[in-house]
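Reader: I have a model open and want to go through it piece by piece. Can you start with the sheet and then move on to packing?

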Amino acid sequence: MSLEAPSTLQELAMKSLLRHEALAISVLQKLPKAFFPSLFKEAFKSRHMKILTAMVAEWPFSCLPVGALMQDPDVVILQAVLDGVDMLLKQNVHLRRSKLRILDLRKMCRVFWNVWPGIECGESSTGILSEEEKENDLPRYDLRQRLKVVTDFFLKVALDKEQAYLLQWAQQQQDAVQLCCPKLIICDAPEHVFRMVLSTFKPHYIEELHLSIHWTPRELNCFAHYFVQMRNLHKLHLARISVHTNNAIYTFEDTEKHITRFLAQISKLKYLQELIINDSYFSSEHMKHLFRCLKTPLESLSIKLHKFPSSDLKHLSQCQGLFQLKHLNLFSASLFNLCPTALQFLLKSVADTLQTLQISNCSIRDSEHGTLLPALSQCLQLTSVYFYDTAISISALKDLLQSLANLSKLTKEHYPAPLECYDDQGHVLVNKFENVCLDLLNTIRVKRQPKVINFATKVCGKCSQRCVFNGKTTLCHCHKQELVKPRN
């Protein structure tokens with residue numbers, strides 16, 4: 001029989017206050033500051049809406065990260081919280097005297113709720129612009145000290161109930177509060193949806209943008225109007241970009257013009273640090289234009305394309321915005337087959353800064369890998385390499401390991417199982433896999449002692465796991481089952 005720990009005096013006091021709603025609201029101004037977070041969490045869990053509303057208006061900290069508690073959409077809770085903001089605004093208290101500066105509605109983990117309540121959720125943790133950026137780029141009327149309401153948006157075909165309520169409230173209060181959307185994800189949202197959001201939440205505050213769209217040229221052109229205003233974008237993820245046309249309305253030239261105009265805005269993103277391109281339906285001419293528009297030095301570049309023409313790789317290797325690149329991720333079955341010299345040139349241009357390199361789902365021919373290895377051996381800042389799912393022979397992999405032998409900063413290494421570890425049907429030969437990987441590991445240990453190193457097979461089509469060797473072998477679920485099967 002287990003005994004529950006007795007309630008503390010603070011817990012007993014909270015339960016008493018929650019049972020007497022009017023009393024709880026009346027004593028908020030006299031309540032110790034350290035008591036607020038615990039009481040707010042309990043009122044949230046037990047859905048005491050009037051107490052929540054009153055606590056928002058009396059919140060004694062600079063930031064209220066209520067979004068961390070709202071993991072599931074809840075319009076009733078949202079309404080109670082925003083009613084508290086309305087109450088605060090109606091009090092006509094100058095914000096210099098009010099404690100609350102930031103209402104954070106983002107659904108992300110906050111240590112604020114789990115540690116001693118004296119810790120603050122400072123403005124630096126909100127993902128909002130620095131004071132210098134605001135002063136340099138914002139209109140003067142936006143520099144007034146106002147309550148910030150911060151939220152992320154994931155826009156689909158239609159707004160959900162929580163988004164619709166927040167947007168309606170924001171439209172009514174946009175002159176009284178500062179509305180910020182640091183992260184915007186658009187997944188096939190039609191024009192009227194993204195226009196409603198971007199006309200209320202200023203594009204200037206967006207720092208991270210994810211696009212997965214299948215729009216008409218008109219919709220893309222409309223979005224370009226807001227895109228050009230996202231001057232403080234740090235991360236751009238072009239997950240899926242395709243433009244569909246009605247030949248009766250748009251000519252091919254019209255479509256090309258709208259796409260080019262959209263891509264041209266990238267040259268104006270002076271704070272861009274990370275670019276991710278996944279299966280976007282851009283022509284080689286568009287890719288050429290995109291890489292030419294990358295003027296700001298990137299820190300991270302990730303490209304995942306099933307078709308990667310040699311001309312695209314050539315234009316990428318000549319891109320001005322990559323000379324300070326720290327992280328490079330390339331995924332393409334045709335990458336090496338088409339232009340190994342362009343990749344060699346790219347690696348040479350980033351050798352002084354590159355820290356992590358991921359090249360996957362590629363094929364390295366024995367006749368081509370010699371072109372790449374000298375450039376790799378010059379990347380002395382590398383701390384992590386990842387080559388899983390790359391088709392490579394034992395001979396070529398040994399040469400690859402030799403070329404990385406003098407990279408003293410490497411702490412994480414992930415290599416593919418060589419082609420010789422599979423039978424003609426692509427099944428893993430477990431004994432061969434273990435022996436070959438042990439030999440490869442010993443090859444590395446002659447030169448240096450690796451910290452974290454793994455050799456792995458392709459993902460098993462049945463159990464979605466890999467066989468991994470890191471000094472000892474961990475089999476995928478299917479191969480484990482094969483070992484325990486009784487033999488006849």
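Author: There is an open sheet of four strands, in the order 1-2-3-5, with parallel pairing. Strand 1 (63-64) and strand 5 (177-180) are at the edges with a single partner strand each, so one side of each has no neighbour in the sheet. Two strands count as paired if DSSP finds at least two bridges between them. Helices (H or I, at least four residues) and strands (E, at least two) are DSSP runs numbered from the N terminus.

Reader: What kind of model is it, and which pLDDT limits apply?

Author: This is a predicted model: local features need pLDDT of at least 70, side-chain atom pairs count only at pLDDT 80 or more, and totals for chains, interfaces and linings use all residues. Residues are numbered from 1 along each chain as its sequence is written, and side-chain values use heavy atoms, with hydrogens and water left out.

Reader: Back to the sheet. How many bridges join strand 2 and strand 3?

Author: Three bridges, in the parallel sense, between strand 2 (residues 102-104) and strand 3 (residues 147-150). Leu103 stands opposite Val149, and the bridge partner of Ile102 in strand 3 is Lys148.

Reader: And strand 3 with strand 5, how many bridges there?

Author: Four, again parallel. Lys148 has Gln178 as its bridge partner in strand 5.

Reader: Switching to helices. How many residues of helix 9 are buried?

Author: Eight of the eleven residues in helix 9 (residues 217-227), which is mostly covered. Among them are Glu219, Cys222, Phe223 and Tyr226.

Reader: What covers them?

Author: The cover includes strand 6 (183-187), helix 8 (191-198), strand 7 (208-215), strand 8 (235-243) and helix 10 (252-264). Contact here means heavy atoms within 4.5 Å.

Reader: How many aromatic pairs in the whole structure?

Author: The search finds 14. One of them is Phe153 with Phe201, edge-to-face at 5.1 Å centre to centre and 75° between the planes. Phe153 is in strand 4 (residues 153-155) and Phe201 in the loop between helix 8 and strand 7, so this pair ties together parts 48 residues apart in sequence. Both Phe153 and Phe201 are buried. Phe194 and Tyr226 also form an edge-to-face pair, at 6.4 Å centre to centre and 85° between the planes.

Reader: Phe194 and Tyr226: what are the accessibilities?

Author: Phe194 has 0% relative accessibility and counts as buried. Tyr226 is buried too, with a relative accessible area of 9%.

Reader: What does Asn278 touch?

Author: Asn278 touches His237, Leu238, Ala239, Arg240 and Lys304, leaving out residues up to four places away in sequence. Asn278 is in strand 9 (residues 274-278), and its side chain makes a polar contact with the side chain of His237 (3.3 Å). A polar contact is a pair of N or O atoms within 3.5 Å; within protein, one must be able to donate a hydrogen and the other to accept it, and residues adjacent in sequence count only if both atoms are side-chain atoms.

Reader: Glu162, buried or exposed?

Author: Buried, with a relative accessible area of 12%. Glu162 lies in helix 7 (residues 161-173).

Conventions. Buried < 20%, exposed > 50% of the residue type's maximum accessible area, 1.4 Å probe, protein only. Phe/Tyr/Trp six-rings, centres within 6.5 Å; stacked < 30°, edge-to-face > 60°.
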